[in-house]
Amino acid sequence: MTTRREILTRSAAVIGAASSGLLLPQMAMAQSDKVRVGFMLPYTGTFAQLGVAIENGFRMALNEQGGKLGGREVEFFKVDDESNPAKGIENANRLVQRDKVDVLVGTVHSGVQMGIHKVARDSGVLSLIPNAGVHVATRAQCSPNVFRTSFTNSQPTLALGKAMVDRGHKKAVWITWNYAAGEEAFEGFEQSYTAAGGTIVKKLGLPFPNVEFQALLTEIASLKPDAVACFFAGGGAAKFLRDFHAAGLSKNIQLYGSGFLTEGVLEAAGPAADGVLTTMHYSDALDTPRNKKFRLDYAKTFKAQPDVYAVQGYDTGLLLIKGANAVKGDLSNKKALYAAMEGATIDSPRGQWTMSKAHNPIQDMYLRKVENKENKVIGIAQKAVADPATGCRMG
Ligand code: PHB
């Protein structure tokens, strides 16, 4: 017969062994048999729809695998980052320290991403960036545990300048929100537009996420450029398209943008978006079996049309699946996990892409034109665009 005293003694021995690390492998597996995935995304504010599309896309990729990662069940945790950079670190820590996530998927806003990036670099948690294009994350502060599945802010605009000059639009005004994404989109625009022989007449801006465009539109009217190029996204982009049109500017001035301008907003913008030209790594209208199947499945599942954000979320899922399968679900095997993700070719609805050494997609940029509430593909503006990854030393 086992006495109460023996049970107590045995339990004490087990606790002792555990705290000295002897039983840790079994206990760790038992405790964490589900992979813990944290979404840190905007679910309120001007980027709310973008966050939802990313989460939908990510879940869709996992559901295609029976909802598992490397054979393990998945448990989700969520934080609304409100696109508020001031709360970036605190919100990332809620997922990393409180919820002990294995993987942090986030976010949309470049300023908030810097908070996630600090927490990822300090903690070593696997960080997957499904949108925010802030340069430094895959340039001077690139990290082995940080992978981006979207773009750098200057990638789409690096393909924009030549397309504008090719259409005879040699005098342009630039307008954006004054924060990292707008500034860095300008960097790509300035480089490509001036190299092609274009002149930037004026650079205009307003604080994020303001949408009081009137005074700036009046200034554009008086400057009389051939074209306006811009970076706006989400709810703010829909408002900019409507205000630009309502001010009568679309009659004489061709509007161009980094493609986010016309993503997920074509219903809200209506005819105001017709004829707008943008460069982007995706188009609804890509005529491939892969894209058509993706769009059909997404629409059936979520009763909504997918956009570039949904694709980026989906590709984030595809990348993690590749990594998790390679290590049979053991995400603590970081060397093999990262190697599999670095070497992955992602069979995306946008077309196949590979990871650069700095962990950012190398991808084609399409030139698109809005027609009947769709981003029609006019052609490939630039093939295999890679970010320069300036200052990245992976180590
Ligand atoms: C960003 O802040 O990096 C950002 C936000 C929205 C976009 C693209 C980039 O559509």
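The model contains an open sheet of 5 strands in the order 2-1-3-4-5, and the pairing is parallel. Strand 2 (74-80) and strand 5 (146-148) sit at the edges, each pairing on one side only. From one strand to the next, the twist averages 20°. Helices (H or I, at least four residues) and strands (E, at least two) are DSSP runs, numbered from the N terminus, and two strands pair if DSSP finds at least two bridges between them. This is a predicted model, in which local features need pLDDT of at least 70 and side-chain atom pairs count only at pLDDT 80 or more, while totals for chains, interfaces and linings use all residues. Residues are numbered from 1 along each chain as its sequence is written, and side-chain values use heavy atoms, with hydrogens and water left out.

At one end of the sheet, strand 4 (residues 126-129) and strand 5 are parallel partners over 3 bridges. Ser127 has Val146 of strand 5 as its bridge partner. Helix 13 (residues 308-326) packs on the sheet and touches strand 3 (103-105), strand 4 and strand 5; contact here means heavy atoms within 4.5 Å. The direction of helix 13 makes about 150° with that of strand 4. For such angles, axes are lines fitted to C-alpha atoms, for helices over the stretch in contact, and the angles run from 0 to 180 degrees between N-to-C directions.

Now for the domains. The protein chain is assigned domain 1 (32-151 + 285-359) and domain 2 (155-280), with bounds that come from an automatic or database domain assignment. Taken over C-alpha atoms, the centres of domain 1 and domain 2 are 28 Å apart. Contacts link 17 residues of domain 1 with 17 residues of domain 2. Between them, about 1,300 Å² is buried, with 61% of that coming from carbon and sulfur atoms. Thr46, His135 and Phe151 supply 37% of the area that domain 1 buries against domain 2, more than any other three residues. Buried area is the accessible area (1.4 Å probe) that two parts lose on being put together, summed over both.

Polar links also cross this interface. The rule finds 1 salt bridge between domain 1 and domain 2, a salt bridge being a side-chain nitrogen of Lys or Arg within 4 Å of a carboxyl oxygen of Asp or Glu. Polar contacts between the two domains come to 5 residue pairs, both residues at pLDDT 80 or more. That term covers a pair of N or O atoms within 3.5 Å; within protein, one must be able to donate a hydrogen and the other to accept it, and residues adjacent in sequence count only if both atoms are side-chain atoms. On the side of domain 1 that touches domain 2, helix 3 (48-63) and helix 13 are the elements that give two or more residues. Helix 13 gives the largest share of that side, 3 residues.

The structure as a whole holds 22 salt bridges. One of them joins Glu187 and Arg139, with the closest N and O atoms 3.3 Å apart. Another links Asp122 to Lys118, where the closest N and O atoms are 2.6 Å apart. Asp122 and Lys118 both belong to helix 5 (residues 110-123) and are 4 residues apart, about one turn of the helix.

Leu367 stands opposite Gly379 in strand 14. The hairpin of these two strands has 2 residues between them, and Asn372 takes a positive phi near 50° there.

Gly106 and Thr107 are joined by a cis peptide bond with omega of about 5°, and Thr107 lies in the loop between strand 3 and helix 5. Lys328, a residue other than glycine, has a positive phi near 50° and is found in the loop between helix 13 and helix 14 (334-342).
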